[in-house]
Amino acid sequence: MISSFNSEALHMDDLSLVAQAQDGLDAQAITNFREHAQFSKEVMAGLLHITPKTIDNMKAKHKKVGVVQAEILLSLIRLFSRGEQLFGSVDEFKDWLGFPQPALEMQSPNKFLFSVTGIRLIEECLERIEQGYAA
């Protein structure tokens, strides 16, 4: 199970990600990611389309994260692993997430973190940067 940033998350393909989401994640994975990405509990809950209280309840009752939230969370873990590797730190990656990008019609990538499709769009921007093109 992926609960933090590592090379396993970085190299997880979409099929593996879906399978992992279906198997479920411990609620602690939310906290691990939230702390690493330096998000508040409110922002993290918003990204997962749940309330902060739901996160607390899942952790207290040792419940697994739902499939939809697990897919978003795993996608975010993979995205941040890649961004951190590319930019050198989570802070540098988060700075980049705040700047308008031509490939996103001059919107900041932060606006796309709330869905799996949006996260894929950000990953495509990172691919372009890795290949030497402007995002």
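**Figure 1. The largest nonpolar core of the predicted model.** In this predicted model, the largest nonpolar core comprises 37 residues. Phe33, Met44, Leu73 and Phe80 have the most contacts inside this core. Two or more residues are contributed by each of α2 (14–23), α3, α4, α5, α6, α7 and α8 (116–130). The greatest contribution comes from α6, which supplies eight residues.

Figure 2. Across the whole structure, seven aromatic pairs are found.

**Figure 3. Phe93 and Trp96 in helix α7.** The ring centres of Phe93 and Trp96 are 6.0 Å apart and the planes lie at 15 degrees; the pair is therefore stacked, since planes under 30 degrees apart count as such. Phe93 and Trp96 are separated by about one helical turn because they are three residues apart in helix α7. Phe93 has a relative accessible area of 0% and is buried. Trp96, at 10% relative accessibility, also counts as buried. Ring pairs join Phe93 and Trp96 with Phe33, Phe39, Phe80 and Phe87 in a cluster.

**Figure 4. Helix α3 and its surroundings.** The buried residues of α3 are Ala29, Ile30, Thr31, Phe33, Arg34 and Ala37. Among the elements that cover these buried residues are β1, α4 (41–48), α5 (52–60), β2 (64–65), α6 (67–87) and α7 (90–97). After α3 comes Gln38, which has a positive phi, near 60 degrees.

**Figure 5. Thr31 and its polar contact.** Thr31 is located in helix α3. With 6% relative accessibility, Thr31 counts as buried, because the limit for this class is under 20%. The side chain of Thr31 forms a polar contact of 3.1 Å with the side chain of Lys59.

Figure 6. Ala27 occupies the loop between β1 (25–26) and α3 (28–37). A relative accessibility of 4% places Ala27 among the buried residues. Leaving aside residues up to four places away in sequence, Ala27 touches Met58, Lys59, Lys63 and Val65. Although Ala27 and His62 are 35 residues apart in sequence, the distance between them in space is 6.8 Å, C-alpha to C-alpha.

Key:
Residues numbered from 1 in each chain as written. Predicted model: local features only at pLDDT ≥ 70, side-chain atom pairs only at ≥ 80, totals over all residues. Heavy atoms only, no water. Helix = DSSP H or I, 4+ residues; strand = E, 2+ residues; numbered from the N terminus. Buried < 20%, exposed > 50% of the residue type's maximum accessible area, 1.4 Å probe, protein only. Contact = heavy atoms within 4.5 Å. Polar contact = N/O pair within 3.5 Å; in protein donor to acceptor, adjacent residues only side chain to side chain. Core = buried A, V, L, I, M, F, W, Y, C linked by side-chain atoms within 4.5 Å. Phe/Tyr/Trp six-rings, centres within 6.5 Å; stacked < 30°, edge-to-face > 60°.
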